[in-house]
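Subject: Structure handover and notes

Dear colleague,

I am passing on the structure we spoke about, together with some notes on what was found in it. Please keep it open beside this message while you read.

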Amino acid sequence: MASEKSSSDLTLLDFWVSPFGQRVRIALAEKNLPYEYVEEDLLAGKSERLLQSNPVHKKIPVLLHGGKPVNESLIIVQYLDEAFPDTPSLLPSDPYARAQARFWADYVDKKVYDCGTRLWKLKGEPQAQARAEMLEILKTLETELGDKEFFGGEHGFGFVDAAFAPFTPWFMSYEKYGEFKVAEVAPKIAAWAERVGKRESVAKSLYSPDKVYDHIGVLKKKYGIE
Amino acid sequence: MSEKVKLIGCFGSTAVHRAEVALRLKSVPLELVVEDLTNKSDLLLTHNPIYKTVPVLLHGHRPAVCESLIIVEYVDEAFDGPPILPSDPLDRADARFWARFLDDKCWKAMWVALWTEPGETQAAWAREAKENMTLLERQLPEGKNFFGGDAIGFLDIAVGGIAHLLGVFEEIAGVRLLAEEDHPALCRWAREYLSDETVRQCVPDRDSVLVALAARKELYVSTAKAMTAEK
């Protein structure tokens, strides 16, 4: 993780395994922007700085640029594109392609994390429902990806790739709790996951599926779930 | 741009309103297709298979643009005319943040407070709704008429539904959420917003909106129930 005091005056308040924080780390790495990484130990409580920087939601990630906070992972990624226009952009330049990228990143935002959480938190019928939804989500994303190398298509690795890549280490956990295989349900997504996993910005921002699985175990204990 | 623009919408929708205002601000000639959401057309279902809802923007031969705030940003970028989003990246991030807050937190609390039976639960949601309105109100720049400053901008468009539809919902529900004594700045903003000449083109007369929306009360009550089940 980058932690040099930054010449671009960027600080990221984050939590190691958060897929939302990882989106920002990926974007910063793609743009080669140095920044100070600050780990917020969310299981221990929230720091004063976090509470002041994001008083509305009190959540990470928070990007501080010259001390000014930017909140919400996808908003931060767009901000980085706009504030650092001389760096490789994650959104394409065509307005229609941008609208599509925003739509699919928003789809990932609305669907994947919540459904995944229900998959490992719940049992019985509600869990079965979460499983069915997760399969539907993966198939929908599979259709959108199609035969493209990246969701960004002609643009290359882009906004939707950065939005969805952090969830790839969670696939193993979803598979275990949902009793399915991504490679069977959505083989193109599985192949894409392997491809993005090798990309430098992604590889250095994500943790292994085992670590994610263990983290879920810690959360379950915390919430008193069997 | 001389390509045809079609907006699939429905009567009395805060989301559709956003798309329409954005298009009219850019003076884009458009064809409005009015959907009956209880009987969705093939046109709608084909163009928005994921969410099956309005608004949906069809611009020339391009496949659809869906989701109201995404449509507004698209309109800002695809058409000439007065800018909708501010130019400074930090201001843009702020506008996007508060628009999200409005949708994820503010409208949810208001909606549940409107359509839940009176009691402790309803009162708690009403309190949350008012707190959220206070947070939103604080985003109005000092001495300016709009969230966007001197002219209507992204956040004004996003919040627009509060100006022209909240009052109607309040009347149907018999619940008061936005009051002058609690939120004078937001109320003043609403009046300014509604007197804007572009916005006026997008706001049908209140009586016909009231009649149409009153007929949907049962639907509103059930969507509010579903929202509380989610939490």
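This is a predicted model: local features need pLDDT of at least 70, side-chain atom pairs count only at pLDDT 80 or more; totals for chains, interfaces and linings use all residues.

For chain A the mean pLDDT is 95, with 96% of the residues reaching 70 or more. A stretch to treat with caution is residues 1-6 of chain A, where the pLDDT is below 50, although this stretch still has 18 contacts in the model beyond near neighbours in sequence. For chain B the mean pLDDT is 95, and 98% of its residues reach 70 or more.

Chain A carries an annotation from a record: in an unreviewed entry, UniProt lists residues 94-225 of chain A as "domain: GST C-terminal".

Two helices of chain A are worth looking at as a pair. Two packed helices are described by the angle between their axes and the distance between the axes. Here helix H3 (residues 73-83) of chain A and helix H4 (residues 95-121) of chain A have axes that come within 11 Å and cross at roughly 150 degrees. Because angles over 145 degrees count as roughly antiparallel, H3(A) is described as roughly antiparallel to H4(A). On the side of H3(A), the contact is made by A:Leu74, A:Gln78 and A:Glu82, while H4(A) contributes A:Arg98, A:Arg102, A:Ala105, A:Asp106 and A:Asp109. Sorted by class, this contact of H3(A) with H4(A) has 2 nonpolar, 1 polar and 5 charged residues.

Is B:Ile70 buried or exposed? With a relative accessible area of 10%, B:Ile70 is buried, because buried means under 20%. B:Ile70 and B:Asp94 are 24 residues apart in sequence, and their C-alpha atoms are 16 Å apart in space.

Helix H6 (residues 154-164) of chain B is mostly covered, with 11 of its 11 residues buried. Among them are B:Phe154, B:Leu155, B:Asp156 and B:His164. What do the buried residues of H6(B) pack against? They pack against helix H1 (14-25), helix H3 (68-78), helix H4 (89-115), H5, helix H7 (166-173) and helix H8 (184-195) of chain B.

Helix H5 (residues 120-137) of chain B holds B:Asn132, which is buried, with a relative accessible area of 7%. Leaving aside neighbours within four places in sequence, B:Asn132 is in contact with B:Phe101, B:Lys105, B:Cys106 and B:Ala109.

A buried residue can also sit in a loop, as chain A shows: A:Ala165 lies between helix H6 (159-164) and helix H7 (171-178) of chain A, and its relative accessible area is 0%. Not counting residues up to four places away in sequence, A:Ala165 touches A:Ile26, A:Trp192, A:Val196, A:Val202 and A:Leu206.

Finally, some backbone details deserve a look. Most residues other than glycine have a negative phi, and most peptide bonds are trans. In chain A, the peptide bond from A:Ile60 to A:Pro61 is cis, with omega near 0 degrees, and A:Pro61 is found in the loop between helix H2 (48-53) and strand S3 (62-65). In chain B, the peptide bond from B:Val54 to B:Pro55 is cis, with omega near 0 degrees, and B:Pro55 lies in the loop between helix H2 (42-47) and strand S3 (56-59).

Two residues of chain A have a positive phi. A:Lys58, in the loop between H2 and S3 of chain A, has phi near 55 degrees and is partly exposed, with a relative accessible area of 38%. A:Glu72, in the loop between strand S4 (68-71) and H3 of chain A, has phi near 80 degrees and counts as partly exposed at 21% relative accessibility.

With best wishes

Terms used: Residues are numbered from 1 along each chain as its sequence is written. Chains are lettered from A and ligands numbered from 1 in the order in which they are written. Side-chain values use heavy atoms; hydrogens and water are left out. pLDDT is the predictor's confidence in each residue, from 0 to 100. Helices (H or I, at least four residues) and strands (E, at least two) are DSSP runs, numbered from the N terminus. Buried means under 20% relative accessible area, exposed over 50%, partly exposed in between (1.4 Å probe, protein chains only). Contact means heavy atoms within 4.5 Å. UniProt positions are given in the numbering used here, feature names are shortened, and annotations may be inferred rather than shown by experiment. Axes are lines fitted to C-alpha atoms, for helices over the stretch in contact, and angles run from 0 to 180 degrees between N-to-C directions. Angles under 35 degrees count as roughly parallel, over 145 as roughly antiparallel, 65 to 115 as roughly perpendicular and the rest as oblique. Ala, Val, Leu, Ile, Met, Phe, Trp, Tyr, Cys and Pro count as nonpolar, Asp, Glu, Lys and Arg as charged, and the others, Gly among them, as polar.
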